[in-house]
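Trainee: Could you walk me through this one, strand by strand and then chain by chain?

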Amino acid sequence: MNDMTPIAKVQTTLKDWESDQEVRWCPGCGDYAILKAVQRTLPELGADPANTVFVSGIGCSSRFPYYVESYGFHTIHGRAPAVATGVKLANPKLDIWLVTGDGDGMSIGGNHTMHLLRRNLNCQVMLFNNEIYGLTKGQYSPTSREGTASPTTPLGSVDRPASPCAFALGSGARFIARAYDTGKQLPDVLKAAYHHKGAAFVEIFQNCIVYNKDRFADFTEKAVADGHQLWLKDGEPMLFGKGTKGITLDRDALTLKVVDVVANEDGKPDWQGAGVIVHNVRNKAVAHMLVDMPFGPFPMALGVLFDDPRPTFEDSLLGQDAKAREGKEANLAKLLAKGQTWTVAGTAADPV
Amino acid sequence: MATILADTEFPAAPGGTPAPEAVVVRFAGDSGDGMQLTGGQFTLSTALAGNDLATFPDFPAEIRAPQGTLFGVSAFQINFGSTAIETAGDAPDVLVAMNPAALKMNVQALKPGGLVIADTGEFTKRNLEKAKYDVSPLDDGSLAKWDLLAFDISALTLESVKPFGLGNKEALRCKNMWTLGLALWMFDREREPIIQWLKDKFRKNPVLADANIAALNAGHAYGETAELAGPLKQTHLDPVPTAPGLYRTVTGAEAVSLGLVAGAQLASLPMFFGGYPITPASAILHNLAKLKEFGVTTFQAEDEIAAICSAIGASYAGQLGVTSSSGPGIALKGEAMGLAIMTELPLVIVNSQRGGPSTGLPTKTEQSDLYQAVYGRNGDAPLPVIAARSPSDAFECAIEACRIAVQYMTPVILLTDGYIANAAEPWSVPNPADFAPFPVTFLETNNNPDGGKVLPYKRGENGVRPWIKPGTPGLTHRIGGIEKAIDTGDLDYSPLAHQTQTDARKAKIDGVAKGTPAQEVTQGTETGKLVVVGWGSTYGPITQAVRKARAKGLDVSHVHVRHIWPLPQNLGELLKGYDKVLVPEMNTGQFKTVLRDQFLIDARPLAKTSGQPFTIAEIEAAIDAMLA
């Protein structure tokens with residue numbers, strides 16, 4: 001399994017992770033729930049505030065670092081992954097949380113997100129997806145669904161949305177997870193991300209109550225949650241709807257399919273009988289299908305979709321550097337005098 | 001045939017042979033002909049012979065432009081002599097033209113009476129057509145005002161490497177070494193260092209090494225034969241009187257890289273270099289990537305923005321963040337520079353300027369990013385700007401940039417240009433012990449006198465905030481690009497906060513001038529009729545032009561400015577001591593505008609934007625005109 005991040009465990013409480021700054025999100029914003037979930041999770045992880053750095057870009061989500069009592073860097077639009085890369089390479093012992101949004105991380109900073117994931121920098125990437133530009137007052141975003149009416153698309157948007165998890169997987173991310181702001185499972189997803197050594201990408205559906213209210217209600221509302229949320233657990237069958245439905249592989253079409261699951265005599269769902277497949281977090285092919293599963297005919301795939309670690313960027317790069325340094329001395333005088341040199345001899349009046 | 005290289009101005013050497021004080025040679029050929037390599041090795045042999053020198057590599061943006069074309073011509077000019085040399089020379093005395101295109105593109109620059117050496121083997125019908133010659137210039141008398149030595153270098157090269165059984169193409173590649181051999185003979189140079197270099201370069205393929213050495217020797221031997229026949233003369237230039245010590249040749253890109261390494265050492269910091277490939281700045285990233293043992297981490301980022309942002313991240317984490325680029329890349333970094341200014345983190349940004357705007361002239365030199373460096377950011381965003389005047393000066397400038405960055409917690413721009421980056425000159429190898437260290441101290445305990453939370457923006461001496469590394473227990477805090485409260489750095493965009501912080505950021509950068517040396521007169525007197533003010537790589541031609549003008553008795557002085565922003569505190573008063581101010585620049589007059597703006601003086605521009613450095617004559621003519 002994954003290596004634990006080798007950080008000394010520190011005793012803290014939720015209160016220790018609250019900064020003295022007044023939180024300035026709109027009342028009712030999903031960001032509050034995510035902030036609390038993070039502040040609740042960090043003590044459970046034994047994280048050390050002095051060793052923790054929250055790095056963000058620009059947008060509502062990116063105000064996050066100001067509210068966490070740790071080190072924090074609120075950078076510029078889209079560039080948090082690049083700043084985080086420098087921080088981690090300069091001090092790989094730091095534990096980095098990257099906070100971004102659908103505009104910040106998928107639009108202006110899409111390039112940096114891709115390369116951070118491809119390089120596999122060891123950090124947690126939390127992408128708050130509210131499918132809208134909130135801080136600039138409601139323009140459609142790269143994850144907005146087709147037909148989204150906004151100040152810049154009064155007739156409805158015509159471009160198809162990007163899927164953050166599909167993008168992350170395509171970029172080479174080795175950990176992909178999904179959760180939503182008010183979901184009680186969010187801390188567990190964050191913990192899994194934390195324990196993955198490498199870039200851990202977590203898409204968090206977040207309710208923008210001002211500009212895109214209840215956009216995710218059709219699977220987050222209590223009344224519909226069971227029937228529309230597929231919580232994935234490694235080694236467990238892909239069941240939802242309280243075990244009455246499951247996901248199977250249509251072996252002829254090579255696609256996923258929803259099947260009904262009936263109960264055995266003991267009352268437990270006969271998922272084997274229905275052909276429901278077992279989630280294997282290392283199966284990238286199935287992960288591709290899960291992130292692309294169209295919501296509606298299918299439930300929303302949540303939890304850890306993919307988790308298959310590879311060597312991290314900082315270990316590989318700094319390891320290579322350390323090897324290159326072996327047996328070499330850092331003698332500046334010698335370096336300056338390197339290459340083809342010549343000596344101009346002194347004279348009796350002006351000896352060398 | 002006329003005697004070559006003789007210049008009647010110069011005194012005759014003992015023995016009666018006229019000895020020139022300096023000679024300019026230009027090697028020109030196809031971009032695949034290895035002219036830069038030939039020039040580089042000739043430079044080395046010249047340095048070893050004890051001559052002072054300056055070089056000017058001039059190559060196309062295309063890596064291997066179609067063979068024989070006019071736009072594929074690559075040239076390398078070297079000026080060397082027995083006196084101090086500061087420019088690559090105005091007009092060549094000798095042009096080595098490896099094909100018709102090289103001849104066409106370069107012959108007009110040649111001094112009247114200069115020598116053309118041409119490879120007739122390449123003057124084929126096809127190559128003449130490609131160079132847009134109807135008739136071969138070797139035959140039609142169009143080269144009459146120069147001496148011409150035309151012979152089949154290609155055939156002679158093939159003959160010389162015959163014993164090694166190379167294919168025709170490979171054999172012809174040895175042409176540049178044959179030519180170098182001839183040049184070494186012409187100027188009485190040792191072949192041994194080049195032979196050693198070839199052995200080393202081709203150590204995995206000794207046959208190629210031997211073939212190239214054979215070509216080199218054959219070219220050398222040809223010189224002796226040709227001399228016997230008359231047209232070619234051997235010239236010996238005495239070593240230049242030089243301060244004793246250890247010397248090497250250095251390009252600006254090398255000197256910047258070494259200066260950054262030295263600067264990081266003097267600051268007692270590891271260095272993080274984030275870069276993205278761009279001409280002509282990539283060489284710095286290449287150089288530093290090989291210097292891991294000096295505590296250097298290099299990172300090739302996905303783009304220019306990521307390059308600077310990663311460097312900012314590294315500085316935030318306690319290393320010396322450095323990034324480098326050329327104009328277009330610097331433009332992309334602009335917003336991130338603002339972040340470094342706003343968060344007050346040290347950072348060094350090297351701009352190897354090239355012709356612009358947009359892609360402009362990727363491989364040609366210009367000084368047109370001065371406005372961009374001084375003014376080119378959103379908001380009131382001051383940062384120190386330093387300009388190197390020569391390849392070797394770039395070493396000290398890089399150290400100075402590191403010093404200011406860490407002592408003032410600010411990004412610093414170091415300006416060089418394509419000319420400085422690529423040109424080589426002899427360099428008296430400095431002793432690192434001669435530079436005063438400026439070790440950095442990080443804040444490790446709470447600086448709040450009331451014992452409350454840490455104050456990351458509490459300004460100390462010179463208005464500088466403390467540098468606090470994440471990972472330090474008890475000092476957790478947040479920083480960002482948004483306006484901040486006094487001392488605490490908490491998010492605050494109140495009128496008071498923005499006014500106070502804007503003033504504080506400006507005062508801090510203005511104050512950098514208090515710690516930099518007063519501007520000295522580079523050449524001449526402290527008052528007078530005319531001062532020529534320069535910055536950056538115009539140093540060479542201005543120095544020579546002012547020297548010549550003063551020799552003629554003209555009242556002209558030279559002031560060369562390293563600290564472009566903030567300007568030296570005495571500069572305004574100094575310049576007001578002259579009746580007239582002339583500012584030669586490879587742009588349309590940017591520094592001239594800064595001087596007018598800062599000092600309300602009538603600075604006059606001398607603008608050049610051809611992608612070529614100034615010639616001495618151009619500046620001399622402007623001096624004459626100003627004093628007429």
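Mentor: Strands here are DSSP E runs of at least two residues and helices H or I runs of at least four, numbered from the N terminus. Bear in mind that this is a predicted model, where local features need pLDDT of at least 70, side-chain atom pairs count only at pLDDT 80 or more, and totals for chains, interfaces and linings use all residues. Residues are numbered from 1 along each chain as written, with chains lettered from A and ligands numbered from 1 in written order.

Trainee: Which residue of strand S13 of chain B is the bridge partner of B:Val348?

Mentor: S11(B) and S13(B) (residues 411–417) pair in the parallel sense over seven bridges; pairing takes at least two DSSP bridges. For B:Val348, the partner in S13(B) is B:Val412.

Trainee: And what is the bridge partner of B:Ser325 in S11(B)?

Mentor: Strand S10 (residues 320–325) of chain B is also parallel to S11(B), with four bridges. The partner of B:Ser325 there is B:Asn351.

Trainee: Which element gives the most to the side of chain A that touches chain B?

Mentor: In total, 51 residues of chain A are in contact with 59 of chain B, contact meaning backbone-placed C-beta atoms within 7 Å. Among the elements supplying at least two residues each are helix H4 (110–119) and strand S14 (341–344) of chain A. The top contributor, with eight residues, is H2(A).

Key: Two residues are in contact if their C-beta atoms, placed from the backbone, lie within 7 Å.
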